[in-house]
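Please look over the sequence and the 3D structure below. This report then walks through a few of its parts.

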Amino acid sequence: MAETNGTNGSSSYNVPLWINGKEVTTPTTFDVISPSNSKLLWHCSSASTDDATAAVEAAQKAYNSWRKTKPVKVREIFLKAAEIIDRRAEELGSYMEEETGAPDIFAKGFNVPSTSEMVRDLAGRVSGIMGSIINCAEDGTSALVFKEPYGVVLGIAPWNAPYILGMRAVAFALATGNTCVLKGSELSPRCFWAIGSIFAEAGLPPGCLNVIYHRPQDAVAVTNTLIEHSAVKKVNFTGSTAVGSIIAGAAGKALKPVLMELGGKASAIVLDDANLEKAAFQCALGAYLHAGQICMSTERIVVHEKVLPQFTEHLKAAVDKIYPSSGSAPNLVAKAGVEKNKKLVDDAVSKGAKPVMGSNDVADTEDSKYRMRPIIVGGVKKGMDLYYTESFGPTVSLISVASEEEAIDLANDTEYGLSGSVFTESLARGIRVAKAIDSGAVHINSMSVHDEASLPHGGVKKSGWGRFNASWGMEEFLKIKTVTYQE
């Protein structure tokens, strides 16, 4: 591997890794293709198992010094990093738009500012880590309970919200005295490179954060090398449930703790007393923001039969407002996502479901194989793939129910449990329904996509375990040590 300096926006640019505070290029590279126009954006260095080992070793070397760094210095670095994110917001947003096809409002309007807010929030919490003093049973004996960092933490983050998800994969660990290796998705490597660049510019010591990515065919070898390395003490993963199961299995075999934030099948329940126009717009946003490629995206809209006809008209109007027929269709990151959603719709229709808005026939007219018009599918039932499978695309099911209880049962009839929504004019009713839904979060009168720095974020069931954000996120990366003493 070779060190490099500087950046370049041309297709000849080779996105480097970050290892031990230096930008490193590798002889093996892969191409990064724009999902918006199918053109080459740039090349990217691909980490080998040796590079992965070097990243872990750099983190291990930096750990003993970083863990002793005083909170005031950590806060200074984090506040500086937040300032850099704000200053480079246009640059960062552009990388995300180019690599993932995300719309401007999601990249520059949400992801970038939310990331700087997360870092600022953490900066204010670093001095608040506290242990405790215990009065033991035996006279003259007391105990101290310390909270200490684990050591080297491996964070694995996906492409769909690379700044928020990439930053949280390492920031909470860094703030609590750990050092990190961040393994970013090959679909948006320059976004992950930027996270390394931000912290390097902010003055984070070399080795504290190392950033790598690799070709898809090297995933198993590189990931196993990282997880199995004796210096890696904890793993956090955000991504699909299928891959999360593999990561958890590898970590379990090595007896290493993991934090998992995985897939979802969020239901939005529209009760008979809901503000239908507001509910429809929020459901449309929740279903189609970033082309539905968010783990919290609304997958099922569950509507009381009394208001279904009126709600359906409001929903169609809301979708047309967000993605007007005269404009561009939602842009997915890969052709496979479009094909998956088409197959889910075809299967549902073949078993009796009916498109309420949009269809695969319309989708087939798109010039780009990365784009797909929003589809609302009515009459989705058990036995249809769309009922259970996370679509992760611009497809949503519209399901009628006769009661509040039926709506709750349907929302819980999934192996996932990440997010959800309830729409009602009665706060008491909304809280009652929210408490009955088995999910990591439920949002009353707002869309299922909701994540902010001060709120715990994570799921239940096959949506994962553990929590990111705020004090809950910090506790995930602290271990407890008991020390007793006799007077």
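Helices α2 and α6 are oblique to each other. The word follows from the angle: under 35 degrees counts as roughly parallel, over 145 as roughly antiparallel, 65 to 115 as roughly perpendicular, and the rest as oblique. Here the axes of α2 (residues 71–87) and α6 (residues 189–202) cross at roughly 125° and come within 8 Å. Axes are lines fitted to C-alpha atoms, for helices over the stretch in contact, and angles run from 0 to 180 degrees between N-to-C directions. Helices (H or I, at least four residues) and strands (E, at least two) are DSSP runs, numbered from the N terminus.

The crossing of α2 and α6 is right-handed. Which residues of α2 and α6 meet? From α2 come Ile77, Phe78, Lys80, Ala81, Ile84, Ile85 and Arg87, and from α6 come Ile198, Phe199, Glu201 and Ala202. They divide into eight nonpolar, no polar and three charged. Nonpolar covers Ala, Val, Leu, Ile, Met, Phe, Trp, Tyr, Cys and Pro; charged covers Asp, Glu, Lys and Arg; the others, Gly among them, are polar.

## How the model is read

This is a predicted model, where local features need pLDDT of at least 70 and side-chain atom pairs count only at pLDDT 80 or more, while totals for chains, interfaces and linings use all residues. Residues are numbered from 1 along each chain as its sequence is written, and side-chain values use heavy atoms, with hydrogens and water left out.

Threonine 100 sits in helix α3 (residues 89–100). Is threonine 100 buried or exposed? Its relative accessible area is 0%, so threonine 100 is buried (buried is under 20%, exposed over 50%, partly exposed in between, with a 1.4 Å probe and protein chains only). A polar atom of its side chain lies 2.7 Å from the backbone oxygen of methionine 96. A polar side-chain atom of threonine 100 also lies 3.2 Å from the backbone nitrogen of alanine 102.

Not counting residues up to four places away in sequence, threonine 100 touches Pro35, Trp159, Ser188, His290 and Val333. Touching, or contact, means heavy atoms within 4.5 Å. Serine 188 lies in the loop between β10 (179–184) and α6. Serine 188 is buried too, at 0% relative accessibility. With neighbours within four places set aside, serine 188 contacts Glu99, Thr100, Trp159 and Pro162. Glycine 379 is 191 residues from serine 188 in sequence, and their C-alpha atoms are 37 Å apart.

Threonine 414 lies in the loop between α14 (404–412) and β19 (421–423). At 10% relative accessibility, threonine 414 is buried. Its side chain reaches the backbone nitrogen of tyrosine 416 at 3.0 Å. Neighbours within four places aside, threonine 414 contacts Lys265, Arg300 and Lys461.

Most residues other than glycine have a negative phi. Lysine 461 is not a glycine, yet its phi is positive, about 55°. Lysine 461 is in the loop between β20 (443–444) and β21 (464–465), and at 34% relative accessibility it is partly exposed. Asparagine 469 also has a positive phi, about 85°, without being a glycine. Asparagine 469 lies in the loop between β21 and α16 (470–475). Its relative accessible area is 2%, so asparagine 469 is buried.

Note on methods:
Polar contact = N/O pair within 3.5 Å; in protein donor to acceptor, adjacent residues only side chain to side chain. Left-handed = near helix turned anticlockwise from the far one by under 90°.
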